[in-house]
Amino acid sequence: MNSVPTVLLIGVHAAVIPVIAGMWYYATPKFWEVGYMPTQPSTGFNHQIHAGKLGMDCRYCHTNVEDSWHANVPPVQTCFGCHEEGKLGPTATATTEKVQFIRDAYATDTPIPWRNIHVVPDYATFPHNAHVNAGVSCYTCHGAINNMPVVAQAESLSMGWCLDCHRNPEKNLVPKDKVTDLYWVQNEWFGKDASERVHEGMTPEALKDTLLRDPPDNCSACHF
Amino acid sequence: MSAIQPDESLARRMHGLQPGEQPVARSTPLIPGTSDDGTLSEDTGKRAPCVLGDRSFEDVTNIVCGYAEAKMPKPWLAALTITSSIAALGTGMILYLIITGVGVWGLNNQVDWAWDITNFVFWIGIGHAGTLISAILCLLKQNWRTAVNRSAEAMTIFAVVCAGIFPGIHVGRVWFAWFLAPIPNSNGIWPNFRSPLLWDVFAVSTYATVSLLFWYMGMIPDVATLRDRAYMRLTKGVSRPMAIPMPIGNDIIVPQLPKPDQIRVLIYGIMSLGWRFSSRHWHRYEKAYLILAGISTPLVLSVHSIVSFDFATSIIPGWHTTIFPPYFVAGAVFGGFAMVLWLMIPLRLILPNFSDLLTKRHLENMAKILLLTGTMVGFAYGMEFFIAWYSGNEFEFSVFANNRVNPAKAPYWWAYWTMIFCNVATPQLFWFRKMRQNPLVIWIVASFVTVGMWFERFVIIVTSIHRAFLPGEWHMFFPTWVDILTFVGSCGIFMTLFLLFLKFLPVFALAELKVVMPQSHTHDDH
């Protein structure tokens, strides 16, 4: 019995298939990017308390998200606006130790080096305002921020992930007045079947019709 | 191709074969006082012999396997030393390019394709001779092809290897070259299926795959011969595992250190895929060979047609012409045969035993093909120019007149006229029998043609794009030292691979050679 061709055939497949499968699973932004959760300076910033429990609007701190290509992280003055000693009154639960680094930073006029989590590469341009104003909820790209004590990356931010939405935007659009209302978006909008989503007469299809233009999917839409 | 008669005397006497035993090359030509080896007779009633020197089947086997089993002659070693140094230089240049970026080449905003694509088209064109010889000449039952088909196919593979380097490295960020392949990816995009550059990827990779399969499949019986000869020598006891007797218990068996024959048995054994010379094996082999020849035949035409689409489907004057596909195919066969001749003639000197198998008739036949295809290429040059004038398209005519032909206006006029001289003028020598029967003349013409075919691609690419419609878009191309050494290095890679092929693989198709020998036609007299 001539076993050489059989052995070669099985051997080559046994060597090549794991490599392909490994590349397919591991060599993706989905594997390497999702779940990125760096340790923030000092005691960090708890989104679960601020955006979730206290119900603060995202735009109280991230003031430029509707106006600028760049979604800003607030300066220390924004934090200090509430966390100045004695300002929140006796009912405030934040202990002095937890917020002391804010007061120190304010006193010495030094910025707090918050660590960036959601990074789009230099060769891709991402206008944040265009997306928020079109009705893409914070939730779609950043996940349930209002439930995160420490923020982690929720989506892969790969080019395929961008194009997935650009090609079928209606599945991710929400009514514009609800863009930052994360509880509502999760439960009342995305919690329902797409055919049942209605808010003040607006359906996903109707929302798509309100867009100034269809989301572009040519190269130079982002790479220029 | 017909049934192979088992060579009994060969099978019997293989047991007695010692490594290094080689037949001696005949030093005197068959016809005294001439340089004719007896194959150049013009007697039309007699077929020129394909194998000289009254060789037996066994002799032919010994000749072909001899170099793989014994030490190579000194000129081979000298040639390998030189070419492998050049290959190392080329590899260094490629690494330098990858590490530094394509800025080390002389490309600029106007001339954004230059030596890289010139070299690509040059090498891919050279590969065409192998497929033509192995596929089309096989289907046309041209017996003389048996002496050159294996080495021409090998040359094809190595030329495609060199061709593949250049598009791969010219993209700049080599690690993204996989974007060329239609692989589902996390970018959510596919290559542009409307672009001839993508068709080119498919054409060249199909061509490389089919050529490799054809070459390898044809080699299996001959590799099995090498395996069996090595195995016979081993079982004769030349190198047997050693047993050390132990006072208690079993003896310890010490396998001997790997000798060349043991390595040969292992590697040739795997490569020959269990070939046992059975009739059933031969039957399937011949069927598969014909099928592959059938698949390869359209590839001879398609590959270079699609390479020409890279240019012809663009709207650049000088590229946008319908004559490009046939013109490129003729040029590719022309350049390929020039390279076959350029390699075969020194091969007869470096490995003299092969000169009985590779006769002057073979060289003359290929010189005739060179004359034919060279004239076709010359016709294409003329027709291209004629259409540029006859079409009334002043932009296209300007590319020819002002960018290529006219020494007063075209800075690259010398490249155009070098091309014309090398490709159109020099092969005309082969109208004379004395010229096409003289290996030295053939070799010199083949060198000219190889240079000319490189210049043809340079002329097409650079002279067309170095001047766009506005004078502000006029720019010259000057190669840098990296450009030059990368091309020289690719020649080194090509020749190193070819020299290694001469040493380690069967250079002739044994079964096919034996079929064209007189012993296979014992009933010719009635």
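Biologist: Is Ser42(A) buried, exposed or partly exposed?
Modeller: This is a predicted model, so the count comes from predicted coordinates. Ser42(A) has 16 other C-beta atoms within 10 Å. Buried needs 20 or more, and exposed needs 12 or fewer. Ser42(A) is therefore partly exposed.

Biologist: Now Lys141(B). Is Lys141(B) buried or exposed?
Modeller: Lys141(B) lies in the loop between helix 5 (128–139) and helix 6 (149–170) of chain B. Lys141(B) has 8 other C-beta atoms within 10 Å. The cut-off for exposed is 12 or fewer. Lys141(B) is therefore exposed.

Biologist: What is the phi of Lys141(B) near?
Modeller: Lys141(B) is a residue other than glycine.

Biologist: Which helix of chain A gives the most to the side that touches chain B?
Modeller: In all, 11 residues of chain A are in contact with 8 residues of chain B. Helix 1 (4–26), helix 2 and helix 9 (159–167) of chain A each supply at least two residues of that side of chain A. The most, 4 residues, come from helix 9.

Biologist: How many residues on that side of chain A are charged?
Modeller: The side of chain A that touches chain B has 5 nonpolar residues and 4 polar ones. The charged residues there number 2.

Methods: Residues are numbered from 1 along each chain as its sequence is written. Chains are lettered from A and ligands numbered from 1 in the order in which they are written. This is a predicted model: local features need pLDDT of at least 70, side-chain atom pairs count only at pLDDT 80 or more; totals for chains, interfaces and linings use all residues. Two residues are in contact if their C-beta atoms, placed from the backbone, lie within 7 Å. Ala, Val, Leu, Ile, Met, Phe, Trp, Tyr, Cys and Pro count as nonpolar, Asp, Glu, Lys and Arg as charged, and the others, Gly among them, as polar.
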